[in-house]
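Please have a look at the structure with me.

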Amino acid sequence: GGAEMSAAMTGPAAELLSEVYREHMPPLMQARLCEKVAVGFLMCLCHKHRVRCPELWQPGARGFTTIIGVGLRALNVCKEIERPEKERIWSRIAAGVRDFLLPGADKVSPESIEDLEAAQFSEQFDIKMVDCITDDLVPLALTDDHVTHLLTTLDQGVMTLQHMPTVPSTQPFVSHRFNFSERCLQALCELSTCQSNEADNSESVAMLAAPIVIRRCGDILEEFVRDESEASVSPLPRARVEQVISSARLLQSLQLSPKVCEHVWDTVAPHFFGGGGGPPAKAAGDPKRLGRSGRRGHLLLLYSPICQCISSNNPMLRDSLRSMLEIIGWESGLCAPHQTIGRVGGGPAPVEPNPKP
(Lines give C-alpha, C1' and ligand atoms only; values in the text may rest on other atoms or scores of the structure.)
Protein backbone atom coordinates (compact mmCIF):
# COMPACT_ATOMS: atom_id res chain seq x y z
CA GLY A 1 0.00 0.00 0.00
CA GLY A 2 2.79 2.45 0.88
CA ALA A 3 4.66 1.81 -2.36
CA GLU A 4 1.51 2.28 -4.41
CA MET A 5 0.75 5.55 -2.60
CA SER A 6 4.31 6.76 -3.21
CA ALA A 7 4.06 5.98 -6.93
CA ALA A 8 0.69 7.71 -7.16
CA MET A 9 2.16 10.86 -5.60
CA THR A 10 5.14 10.95 -7.95
CA GLY A 11 3.23 12.44 -10.88
CA PRO A 12 1.76 15.48 -9.07
CA ALA A 13 5.04 16.06 -7.21
CA ALA A 14 7.09 15.97 -10.42
CA GLU A 15 4.69 18.32 -12.18
CA LEU A 16 4.77 20.81 -9.29
CA LEU A 17 8.56 20.70 -9.02
CA SER A 18 8.92 21.27 -12.76
CA GLU A 19 6.62 24.29 -12.69
CA VAL A 20 8.31 25.85 -9.67
CA TYR A 21 11.77 25.28 -11.12
CA ARG A 22 10.95 26.66 -14.57
CA GLU A 23 8.60 29.50 -13.75
CA HIS A 24 9.34 30.76 -10.25
CA MET A 25 13.05 30.27 -9.46
CA PRO A 26 15.60 32.97 -10.28
CA PRO A 27 18.43 31.86 -12.63
CA LEU A 28 20.99 31.68 -9.81
CA MET A 29 18.80 29.25 -7.87
CA GLN A 30 18.15 27.24 -11.04
CA ALA A 31 21.89 26.92 -11.57
CA ARG A 32 22.60 25.86 -8.00
CA LEU A 33 19.80 23.28 -7.98
CA CYS A 34 20.31 22.02 -11.55
CA GLU A 35 22.24 18.90 -10.55
CA LYS A 36 19.96 17.95 -7.67
CA VAL A 37 16.73 18.37 -9.65
CA ALA A 38 17.99 16.79 -12.88
CA VAL A 39 19.62 13.83 -11.16
CA GLY A 40 16.53 13.36 -9.00
CA PHE A 41 14.40 13.02 -12.10
CA LEU A 42 16.97 10.68 -13.67
CA MET A 43 16.85 8.46 -10.61
CA CYS A 44 13.08 8.20 -11.04
CA LEU A 45 13.64 7.38 -14.70
CA CYS A 46 15.99 4.51 -13.97
CA HIS A 47 13.31 2.78 -11.90
CA LYS A 48 11.98 1.71 -15.30
CA HIS A 49 14.65 -0.99 -15.33
CA ARG A 50 14.01 -2.24 -11.78
CA VAL A 51 10.25 -2.60 -11.39
CA ARG A 52 7.26 -2.50 -13.71
CA CYS A 53 5.87 0.73 -12.29
CA PRO A 54 5.28 3.37 -14.98
CA GLU A 55 3.57 5.62 -12.42
CA LEU A 56 7.01 6.10 -10.86
CA TRP A 57 9.38 6.57 -13.79
CA GLN A 58 7.22 8.25 -16.44
CA PRO A 59 6.70 11.44 -14.37
CA GLY A 60 10.47 11.54 -13.99
CA ALA A 61 10.84 11.45 -17.77
CA ARG A 62 8.37 14.29 -18.22
CA GLY A 63 10.01 16.32 -15.48
CA PHE A 64 13.55 15.87 -16.79
CA THR A 65 12.76 16.84 -20.38
CA THR A 66 10.77 19.85 -19.13
CA ILE A 67 13.45 21.40 -16.90
CA ILE A 68 16.79 20.33 -18.32
CA GLY A 69 17.15 23.03 -20.97
CA VAL A 70 16.32 25.80 -18.48
CA GLY A 71 18.63 24.33 -15.85
CA LEU A 72 21.65 23.85 -18.10
CA ARG A 73 21.35 27.34 -19.59
CA ALA A 74 21.35 28.79 -16.09
CA LEU A 75 24.27 26.57 -15.07
CA ASN A 76 26.40 27.48 -18.08
CA VAL A 77 26.18 31.24 -17.51
CA CYS A 78 26.35 31.19 -13.72
CA LYS A 79 29.47 33.03 -12.54
CA GLU A 80 29.28 31.70 -9.00
CA ILE A 81 29.93 28.09 -10.04
CA GLU A 82 33.47 27.24 -11.17
CA ARG A 83 34.09 25.67 -14.56
CA PRO A 84 35.36 22.30 -13.18
CA GLU A 85 32.20 21.98 -11.10
CA LYS A 86 30.03 22.74 -14.13
CA GLU A 87 31.84 20.06 -16.15
CA ARG A 88 31.37 17.52 -13.33
CA ILE A 89 27.62 18.23 -13.27
CA TRP A 90 27.43 17.93 -17.05
CA SER A 91 29.24 14.59 -16.98
CA ARG A 92 26.92 13.23 -14.32
CA ILE A 93 23.80 14.27 -16.25
CA ALA A 94 25.11 12.84 -19.54
CA ALA A 95 25.91 9.56 -17.78
CA GLY A 96 22.43 9.45 -16.26
CA VAL A 97 20.80 9.91 -19.67
CA ARG A 98 22.87 7.04 -21.02
CA ASP A 99 21.96 4.79 -18.07
CA PHE A 100 18.27 5.40 -18.76
CA LEU A 101 18.40 4.83 -22.51
CA LEU A 102 20.99 2.02 -22.55
CA PRO A 103 21.10 0.16 -19.25
CA GLY A 104 23.56 -2.69 -18.88
CA ALA A 105 22.15 -6.21 -18.80
CA ASP A 106 22.99 -6.44 -15.10
CA LYS A 107 20.90 -3.31 -14.43
CA VAL A 108 17.65 -4.68 -15.87
CA SER A 109 15.51 -6.71 -13.49
CA PRO A 110 13.36 -9.49 -14.99
CA GLU A 111 10.42 -7.99 -13.08
CA SER A 112 10.73 -4.79 -15.13
CA ILE A 113 10.35 -6.40 -18.58
CA GLU A 114 7.15 -5.14 -20.19
CA ASP A 115 4.72 -6.79 -22.56
CA LEU A 116 4.69 -5.65 -26.17
CA GLU A 117 1.96 -3.03 -25.82
CA ALA A 118 3.51 -1.45 -22.74
CA ALA A 119 6.98 -1.50 -24.30
CA GLN A 120 5.72 0.30 -27.39
CA PHE A 121 4.14 2.99 -25.20
CA SER A 122 7.32 3.32 -23.12
CA GLU A 123 9.36 3.78 -26.28
CA GLN A 124 7.74 7.21 -26.71
CA PHE A 125 9.67 8.40 -23.65
CA ASP A 126 12.94 7.09 -25.09
CA ILE A 127 12.28 9.06 -28.29
CA LYS A 128 11.52 12.22 -26.30
CA MET A 129 14.83 11.78 -24.51
CA VAL A 130 16.59 11.60 -27.89
CA ASP A 131 14.84 14.84 -28.86
CA CYS A 132 16.10 16.32 -25.60
CA ILE A 133 19.65 15.33 -26.52
CA THR A 134 19.46 17.03 -29.92
CA ASP A 135 17.48 20.11 -28.81
CA ASP A 136 19.01 20.86 -25.40
CA LEU A 137 21.98 18.78 -24.34
CA VAL A 138 24.17 18.82 -27.44
CA PRO A 139 23.66 22.53 -28.30
CA LEU A 140 24.39 23.55 -24.69
CA ALA A 141 27.26 21.13 -23.99
CA LEU A 142 30.27 22.75 -22.36
CA THR A 143 32.97 20.61 -23.99
CA ASP A 144 33.55 18.39 -27.01
CA ASP A 145 33.93 15.48 -24.59
CA HIS A 146 30.34 15.97 -23.43
CA VAL A 147 29.14 16.18 -27.04
CA THR A 148 31.04 13.00 -27.89
CA HIS A 149 29.53 11.20 -24.87
CA LEU A 150 26.01 12.14 -26.02
CA LEU A 151 26.70 11.24 -29.66
CA THR A 152 28.08 7.87 -28.55
CA THR A 153 24.84 7.26 -26.65
CA LEU A 154 22.89 7.92 -29.86
CA ASP A 155 25.22 5.67 -31.86
CA GLN A 156 24.81 2.83 -29.42
CA GLY A 157 21.06 3.39 -29.55
CA VAL A 158 21.26 2.68 -33.29
CA MET A 159 23.27 -0.47 -32.58
CA THR A 160 20.54 -2.02 -30.45
CA LEU A 161 18.88 -3.36 -33.61
CA GLN A 162 22.14 -4.68 -35.05
CA HIS A 163 22.55 -6.77 -31.90
CA MET A 164 19.12 -8.39 -32.08
CA PRO A 165 19.15 -12.14 -32.83
CA THR A 166 18.56 -13.19 -36.46
CA VAL A 167 16.58 -16.24 -35.34
CA PRO A 168 13.70 -16.51 -32.84
CA SER A 169 14.90 -16.36 -29.24
CA THR A 170 13.74 -18.42 -26.26
CA GLN A 171 14.62 -15.55 -23.91
CA PRO A 172 11.85 -13.48 -22.24
CA PHE A 173 10.55 -10.72 -24.45
CA VAL A 174 12.78 -7.65 -24.59
CA SER A 175 11.74 -4.75 -26.80
CA HIS A 176 14.32 -3.98 -29.48
CA ARG A 177 12.87 -0.48 -29.87
CA PHE A 178 12.93 -0.02 -33.64
CA ASN A 179 11.44 3.50 -33.45
CA PHE A 180 13.98 4.51 -30.81
CA SER A 181 16.85 3.15 -32.89
CA GLU A 182 15.59 4.90 -36.02
CA ARG A 183 15.20 8.20 -34.15
CA CYS A 184 18.79 7.93 -32.89
CA LEU A 185 20.01 7.54 -36.48
CA GLN A 186 17.89 10.48 -37.64
CA ALA A 187 19.26 12.58 -34.78
CA LEU A 188 22.85 11.83 -35.77
CA CYS A 189 22.07 12.86 -39.35
CA GLU A 190 20.46 16.09 -38.18
CA LEU A 191 23.46 16.95 -36.02
CA SER A 192 25.79 16.28 -38.97
CA THR A 193 24.27 18.96 -41.20
CA CYS A 194 25.51 22.11 -39.42
CA GLN A 195 21.99 23.31 -38.62
CA SER A 196 22.33 26.45 -36.53
CA ASN A 197 21.62 26.27 -32.81
CA GLU A 198 21.53 28.74 -29.96
CA ALA A 199 25.07 27.96 -28.81
CA ASP A 200 26.44 28.40 -32.34
CA ASN A 201 28.49 25.20 -32.05
CA SER A 202 26.76 23.51 -34.97
CA GLU A 203 29.89 23.11 -37.10
CA SER A 204 31.98 21.60 -34.31
CA VAL A 205 29.06 19.27 -33.49
CA ALA A 206 28.79 18.27 -37.16
CA MET A 207 32.51 17.49 -37.27
CA LEU A 208 31.98 15.05 -34.39
CA ALA A 209 28.64 13.61 -35.51
CA ALA A 210 29.20 13.06 -39.24
CA PRO A 211 32.00 10.44 -38.95
CA ILE A 212 29.89 8.53 -36.43
CA VAL A 213 26.76 8.40 -38.59
CA ILE A 214 28.61 7.59 -41.83
CA ARG A 215 30.55 4.78 -40.16
CA ARG A 216 27.37 3.43 -38.58
CA CYS A 217 25.38 3.52 -41.84
CA GLY A 218 28.21 1.80 -43.68
CA ASP A 219 28.34 -0.91 -41.04
CA ILE A 220 24.56 -1.37 -41.23
CA LEU A 221 24.79 -1.91 -45.01
CA GLU A 222 27.71 -4.35 -44.74
CA GLU A 223 26.23 -6.34 -41.86
CA PHE A 224 22.87 -6.58 -43.56
CA VAL A 225 24.42 -8.13 -46.68
CA ARG A 226 26.29 -10.68 -44.58
CA ASP A 227 23.36 -11.54 -42.30
CA GLU A 228 20.87 -11.76 -45.17
CA SER A 229 23.16 -14.22 -46.94
CA GLU A 230 23.62 -16.34 -43.81
CA ALA A 231 19.85 -16.29 -43.09
CA SER A 232 18.85 -17.33 -46.59
CA VAL A 233 16.68 -20.17 -45.25
CA SER A 234 14.64 -17.85 -42.99
CA PRO A 235 14.21 -14.09 -43.52
CA LEU A 236 15.83 -11.55 -41.22
CA PRO A 237 13.63 -9.89 -38.59
CA ARG A 238 11.49 -7.16 -40.07
CA ALA A 239 13.12 -4.53 -37.84
CA ARG A 240 16.54 -5.26 -39.37
CA VAL A 241 15.15 -4.91 -42.89
CA GLU A 242 13.40 -1.65 -42.04
CA GLN A 243 16.58 -0.34 -40.42
CA VAL A 244 18.73 -0.86 -43.53
CA ILE A 245 16.06 0.72 -45.76
CA SER A 246 15.84 3.71 -43.43
CA SER A 247 19.64 4.02 -43.35
CA ALA A 248 19.84 3.97 -47.15
CA ARG A 249 17.19 6.68 -47.46
CA LEU A 250 18.90 8.88 -44.89
CA LEU A 251 22.22 8.51 -46.70
CA GLN A 252 20.53 9.34 -49.98
CA SER A 253 19.14 12.65 -48.67
CA LEU A 254 22.06 13.64 -46.43
CA GLN A 255 24.14 16.64 -47.48
CA LEU A 256 27.21 17.73 -45.51
CA SER A 257 29.18 20.94 -45.65
CA PRO A 258 32.42 20.66 -47.71
CA LYS A 259 34.51 21.07 -44.56
CA VAL A 260 32.63 18.28 -42.79
CA CYS A 261 32.89 16.13 -45.94
CA GLU A 262 36.67 16.49 -45.89
CA HIS A 263 36.76 15.56 -42.22
CA VAL A 264 34.62 12.47 -42.80
CA TRP A 265 37.02 11.23 -45.47
CA ASP A 266 40.03 11.88 -43.25
CA THR A 267 38.54 10.01 -40.28
CA VAL A 268 36.30 7.31 -41.74
CA ALA A 269 38.15 6.14 -44.88
CA PRO A 270 40.53 3.84 -42.91
CA HIS A 271 37.49 2.10 -41.40
CA PHE A 272 36.27 0.98 -44.82
CA PHE A 273 39.51 0.75 -46.79
CA GLY A 274 41.72 -0.86 -44.16
CA GLY A 275 45.27 -0.12 -43.13
CA GLY A 276 46.79 0.53 -46.53
CA GLY A 277 44.40 -0.73 -49.13
CA GLY A 278 42.41 2.44 -49.58
CA PRO A 279 42.58 5.06 -52.26
CA PRO A 280 45.60 7.35 -52.33
CA ALA A 281 45.46 10.46 -50.21
CA LYS A 282 43.90 13.38 -52.04
CA ALA A 283 44.38 17.09 -51.54
CA ALA A 284 41.78 19.09 -49.65
CA GLY A 285 38.86 19.98 -51.88
CA ASP A 286 39.63 17.23 -54.43
CA PRO A 287 36.34 16.60 -56.29
CA LYS A 288 37.23 12.91 -56.58
CA ARG A 289 36.34 12.46 -52.96
CA LEU A 290 34.03 15.44 -52.32
CA GLY A 291 32.10 15.10 -55.57
CA ARG A 292 30.95 17.88 -57.85
CA SER A 293 28.63 19.37 -55.23
CA GLY A 294 31.14 19.16 -52.39
CA ARG A 295 28.34 17.89 -50.15
CA ARG A 296 27.92 14.19 -50.93
CA GLY A 297 31.42 12.86 -50.50
CA HIS A 298 30.06 10.36 -47.99
CA LEU A 299 28.34 8.48 -50.83
CA LEU A 300 31.63 8.20 -52.73
CA LEU A 301 33.22 6.91 -49.54
CA LEU A 302 30.48 4.28 -49.13
CA TYR A 303 30.54 3.19 -52.77
CA SER A 304 31.67 -0.36 -51.95
CA PRO A 305 29.05 -1.11 -49.22
CA ILE A 306 26.35 0.38 -51.48
CA CYS A 307 27.37 -1.92 -54.34
CA GLN A 308 27.41 -4.96 -52.06
CA CYS A 309 23.83 -4.27 -50.96
CA ILE A 310 22.54 -4.32 -54.54
CA SER A 311 22.37 -8.11 -54.20
CA SER A 312 19.63 -7.74 -51.56
CA ASN A 313 16.25 -9.33 -52.22
CA ASN A 314 14.40 -6.26 -50.92
CA PRO A 315 13.07 -4.07 -53.76
CA MET A 316 12.72 -0.92 -51.62
CA LEU A 317 16.35 -1.17 -50.55
CA ARG A 318 17.53 -1.77 -54.12
CA ASP A 319 15.55 1.26 -55.28
CA SER A 320 17.31 3.56 -52.78
CA LEU A 321 20.68 2.03 -53.60
CA ARG A 322 20.14 2.51 -57.32
CA SER A 323 19.29 6.17 -56.70
CA MET A 324 22.46 6.59 -54.66
CA LEU A 325 24.56 5.03 -57.41
CA GLU A 326 23.07 7.49 -59.90
CA ILE A 327 23.95 10.35 -57.57
CA ILE A 328 27.47 8.95 -57.24
CA GLY A 329 27.69 8.86 -61.03
CA TRP A 330 26.73 12.52 -61.24
CA GLU A 331 29.02 13.53 -58.36
CA SER A 332 31.89 11.69 -60.06
CA GLY A 333 31.25 13.41 -63.39
CA LEU A 334 30.22 10.21 -65.14
CA CYS A 335 26.81 11.49 -66.20
CA ALA A 336 24.91 14.76 -66.55
CA PRO A 337 22.29 15.89 -64.01
CA HIS A 338 19.39 15.41 -66.44
CA GLN A 339 20.33 11.72 -66.71
CA THR A 340 19.64 11.12 -63.02
CA ILE A 341 17.07 13.63 -61.85
CA GLY A 342 13.72 11.96 -61.23
CA ARG A 343 14.56 8.73 -63.05
CA VAL A 344 14.78 6.34 -60.13
CA GLY A 345 13.33 6.33 -56.66
CA GLY A 346 11.94 9.33 -54.86
CA GLY A 347 15.19 10.76 -53.55
CA PRO A 348 16.37 14.32 -53.97
CA ALA A 349 18.02 15.33 -57.20
CA PRO A 350 21.74 16.12 -57.12
CA VAL A 351 22.49 19.74 -56.44
CA GLU A 352 24.57 21.73 -58.88
CA PRO A 353 28.24 21.94 -57.94
CA ASN A 354 29.40 24.93 -55.97
CA PRO A 355 32.48 26.45 -57.63
CA LYS A 356 33.67 27.73 -54.24
CA PRO A 357 32.55 25.14 -51.68
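Let's start with E190, which forms a salt bridge with R183, the closest N and O atoms being 3.3 Å apart. By salt bridge I mean a side-chain nitrogen of Lys or Arg within 4 Å of a carboxyl oxygen of Asp or Glu. E190 counts as partly exposed, at 33% relative accessibility. R183, on the other hand, is buried, with a relative accessible area of 12%. For those words, buried means under 20% relative accessible area, exposed means over 50%, and partly exposed is in between, with a 1.4 Å probe and protein chains only.

Before I go on, a word on where this comes from: the model is predicted, so local features need pLDDT of at least 70 and side-chain atom pairs count only at pLDDT 80 or more, while totals for chains, interfaces and linings use all residues. Residues are numbered from 1 along each chain as its sequence is written, and side-chain values use heavy atoms, leaving out hydrogens and water.

Helices here are DSSP runs of H or I, at least four residues, numbered from the N terminus. D131 is partly exposed, at 24% relative accessibility.

Next, please find E35. Its salt bridge partner is R88, with the closest N and O atoms 2.7 Å apart. Because E35 sits in helix α2 (residues 27-45) and R88 in helix α4 (residues 83-101), the pair links parts that are 53 residues apart in sequence. Is E35 buried or exposed? E35 is buried, at 15% relative accessible area, whereas R88 is partly exposed at 37%. A search of the whole structure finds 19 salt bridges.

Let me finish with E123, in helix α5. This residue is buried yet has no salt bridge. The nearest side chain of opposite charge, R177, is 5.9 Å away; Lys and Arg count as positive and Asp and Glu as negative, while His and the chain ends are not counted. What does the side chain of E123 reach at 3.0 Å? The answer is the backbone nitrogen of N179.

Definitions and conventions
Helices (H or I, at least four residues) and strands (E, at least two) are DSSP runs, numbered from the N terminus. A polar contact is a pair of N or O atoms within 3.5 Å; within protein, one must be able to donate a hydrogen and the other to accept it, and residues adjacent in sequence count only if both atoms are side-chain atoms.
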